[in-house]
Amino acid sequence: MNGRRMLATAGRVIGQLRHDHRSVALMLIAPSLLVGLFAWLFSDQEGVFDRFGGAILALFPFIVMFLITSITTLRERRSGTLERLMTTPLGKADFILGYALAFGLMAVLQAAITVSFAVGVCGLDVDGPLWQLGLVAVVDALLGTALGLLASAFAQTEFQAVQFMPVLVFPQIILGGLFMPRDQMPDVLHAISDWLPLSYAIDTINAVAAGDEGWDVFGPLLVVVAFAVGALVLASLTLRRRTP
């Protein structure tokens, strides 16, 4: 891995995003709109948004970054850009980490906007500090980025990249504890949920919302970080120069 090449890759990706207004809007604005829609939907039911709003903050950035990253990376490979880059001293790890850094910066902006909107406009009430809520949103977005980079290595078209959502995303939403507490699930499903990173992201959000401190917050968060790092390592190992 070379730091300069990684930073150069991140700078190139950010430069491309500056001219892709639709992708920027999707990353920065769409999560807030979805949170606002959810809050509006349950505005007449007291306490519902406060109960589920934190978990929604973990969910939407994860989904949006997964879609954007997987499709963008796949386009680089299909267009031959990645193949040309690989003729230079740029390594696979430099490419993957450069992408992760660029989208990580976008994740920070996304988290700041989404958390501010959820708390300031939609009235989300949490007992924990807001910076922890933002930190979890950033880590969840990075998890989506890492899994998107991994999924792009196995897809041949943008449509196939989207098709990975039922495999990598939907089971995590269903079993992550959003619809039912994980300890109330059947034993088999509970055991499966223990191996899904979004479960720990939702656990962390719920801990922040409840005002918990210490390991109750940062323990599950470290598990999410470990999953994201593992996905980035696998993505660098499975990255192909070009789609046949």
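The model is predicted: local features need pLDDT of at least 70, side-chain atom pairs count only at pLDDT 80 or more, and totals for chains, interfaces and linings use all residues. Residues are numbered from 1 along each chain as its sequence is written, and side-chain values use heavy atoms, with hydrogens and water left out.

**Stop one: Ser-193.** Select helix 11, residues 187-193; Ser-193 is in it. Helices here are DSSP runs of H or I, at least four residues, numbered from the N terminus. Ser-193 is buried, at 0% relative accessible area (buried is under 20%, exposed over 50%, partly exposed in between, with a 1.4 Å probe and protein chains only). Now show its contacts (heavy atoms within 4.5 Å). Leaving out residues up to four places away in sequence, Ser-193 touches Leu-175, Arg-182, Ser-199 and Tyr-200.

**Stop two: Arg-182.** Select Arg-182, which is buried at 12% relative accessibility. How many salt bridges does a search of the whole structure find? There are 2 (a side-chain nitrogen of Lys or Arg within 4 Å of a carboxyl oxygen of Asp or Glu).

**Stop three: Asp-194.** Asp-194 bridges to Arg-182, with the closest N and O atoms 2.7 Å apart. Asp-194 sits in the loop between helix 11 and helix 12 (197-209), and Arg-182 in the loop between helix 10 (170-175) and helix 11. Asp-194 is partly exposed, at 31%.

**Stop four: Asp-203.** Asp-203 also bridges to Arg-182, closest N and O atoms 2.8 Å apart. Asp-203 lies in helix 12, so this pair ties together parts 21 residues apart in sequence. Asp-203 is partly exposed, at 27%.

Key. Helices (H or I, at least four residues) and strands (E, at least two) are DSSP runs, numbered from the N terminus.
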